[in-house]
Amino acid sequence: MDAKAQVLTIAGSDSGGGAGIQADLKTFQELGTFGCSAVTAVTAQNTQGVHGIYPMDRQAVKQQLDAIGTDFNIRALKTGMLFDAGIIEETALGIKRYNWEQLVIDPVMIAKGGASLLQQEAVEAIKVMLVPLAKIITPNIPEAEVLSGIDITDDASRRMAAEAILSLGAKAVVIKGGHSSDPDVAEDFYMDQQTVILLRSERLKTHHTHGTGCTFSAALTAELGKGKPVEEALFTAKEFIQAALAYPLNIGHGHGPTHHAAYKESIEKEVVHFVRESSDLFSNGYDKRRY
């Protein structure tokens with residue numbers, strides 16, 4: 001194995017530096033991996049919103065993937081903003097062409113300010129072409145609702161949505177809890193074919209949340225690229241984003257970026273309670289062991 005794990009992000013560029021490939025590459029670096037990138041779109045963006053989107057031609061995406069695939073040993077990769085069905089198809093073809101495994105899908109659909117980052121017809125392309133290739137997919141609650149067709153209003157509907165997403169072919173799903181109505185706790189819900197894991201952390205009162213989804217999925221990708229098992233990678237990703245939110249940079253006049261260096265800089269690391277529910281206990285309540 002190479003001395004340093006090489007990982008890849010296939011996503012859009014954020015001129016404000018808080019999300020997209022900029023957030024991904026910062027996260028990769030902080031977690032000790034070497035990051036490569038294939039740009040799917042250029043955005044004119046800052047903490048106050050998305051002011052322009054300029055998608056790449058699909059041939060440009062293909063050439064970037066080929067340049068990476070013929071020279072680098074990609075151990076894990078993630079997708080972010082893919083914008084349209086053509087780019088999604090080209091991405092799926094590239095992943096198959098180079099036999100890239102450990103794909104993390106962050107199904108980016110809507111920006112913090114409300115701008116659409118995914119064309120409507122592209123949702124079906126993600127479900128059909130990309131999700132079956134995924135090691136894990138990391139939707140927030142609104143994205144999980146779109147992918148599953150289920151309104152998430154409680155624990156039961158959240159589980160149903162996760163099962164529906166798994167039925168599309170993904171090996172695992174984690175529905176992030178940042179959009180839940182719980183004022184005190186942010187709870188992420190992980191499910192694969194055998195296991196359910198709940199990752200709970202304090203809900204931090206901050207508006208410096210730009211790029212949280214990108215950063216979480218990038219941390220997960222970096223850890224998988226380093227050979228960590230999924231459960232350990234999940235815990236580190238949750239811890240990484242919690243630290244990034246807990247120690248804000250106070251940059252910008254809108255939804256400020258998270259602090260990617262905070263994970264290393266922070267002394268306090270125990271910010272997450274890790275509660276696991278195993279498959280044989282689905283109908284009998286939680287097995288409340290902490291990890």
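**Fold and packing in the predicted model**

The protein chain has a mean pLDDT of 87, and 86% of its residues reach 70 or more. Here pLDDT is the predictor's confidence in each residue, from 0 to 100. Over residues 280-291 the pLDDT is below 50. Beyond near neighbours in sequence, this stretch has 21 contacts in the model. A contact means heavy atoms within 4.5 Å. Where pLDDT is low, the predicted coordinates should not be read in detail. The model is predicted: local features need pLDDT of at least 70, side-chain atom pairs count only at pLDDT 80 or more, and totals for chains, interfaces and linings use all residues. Residues are numbered from 1 along each chain as its sequence is written, and side-chain values use heavy atoms, with hydrogens and water left out.

The protein chain has 9 helices and 10 strands. Helices (H or I, at least four residues) and strands (E, at least two) are DSSP runs, numbered from the N terminus. Of the 291 residues in the protein chain, 55% are buried. Buried means under 20% relative accessible area, exposed means over 50%, and partly exposed lies in between (1.4 Å probe, protein chains only). Contacts also reach along the chain. Among those between residues at least 6 apart in sequence, 69% join residues at least 24 apart.

Strand β1 spans residues 6-14. It is largely enclosed by the rest of the structure, because 9 of its 9 residues are buried. β1 pairs with β2 in the parallel sense over 8 bridges. Two strands pair if DSSP finds at least two bridges between them. Within this pairing, Thr 9 stands opposite Ser 37 in β2. Strand β2 (residues 34-46) also pairs with strand β3 (residues 49-55), in the antiparallel sense over 6 bridges. β2 and β3 form a hairpin, with 2 residues between them. Ala 41 has Pro 55 as its bridge partner in β3. In a regular strand the side chains alternate between the two faces of the sheet.

Gly 16 lies in the loop between β1 and α1 (20-30). With 45% relative accessibility, Gly 16 counts as partly exposed. Leaving aside its neighbours within four places in sequence, Gly 16 is in contact with Gln 45 and Asn 46. Gly 16 and Gly 49 are 33 residues apart along the chain, yet their C-alpha atoms are separated by 9.6 Å.

Helix α4 covers residues 120-130. Its buried residues are Ala 122, Val 123, Ala 125, Ile 126, Lys 127 and Leu 130. These pack against β4 (74-79), α3 (85-97), β5 (103-105) and α5 (141-148). An α-helix has 3.6 residues a turn, so residues three or four places apart point the same way.

Helix α7 (residues 212-225) and helix α8 (residues 230-246) pack at an angle of about 140 degrees, with their axes 8 Å apart. Axes are lines fitted to C-alpha atoms, for helices over the stretch in contact, and angles run from 0 to 180 degrees between N-to-C directions. The crossing of α7 and α8 is right-handed. A crossing is left-handed if the near helix is turned anticlockwise from the far one by less than a right angle, and right-handed if clockwise. On the α7 side, the residues that meet α8 include Phe 216, Leu 220 and Leu 224. Their counterparts in α8 include Ala 233, Ala 237 and Ile 241. Thr 236 lies in helix α8. Thr 236 is buried, with a relative accessible area of 11%.

Most residues other than glycine have a negative phi, and most peptide bonds are trans. Phe 83 is not a glycine, but has a positive phi of about 70 degrees. This residue lies in the loop between β4 and α3. Phe 83 counts as buried, at 13% relative accessibility. Asn 99, also not a glycine, has a positive phi of about 55 degrees. Asn 99 is found in the loop between α3 and β5. Asn 99 is exposed, with a relative accessible area of 62%.

A search of the whole structure finds 0 disulfides. A disulfide is a pair of cysteine sulfur atoms within 2.5 Å. Cys 36 is buried, with a relative accessible area of 6%. Cys 214 is buried at 12% relative accessibility.
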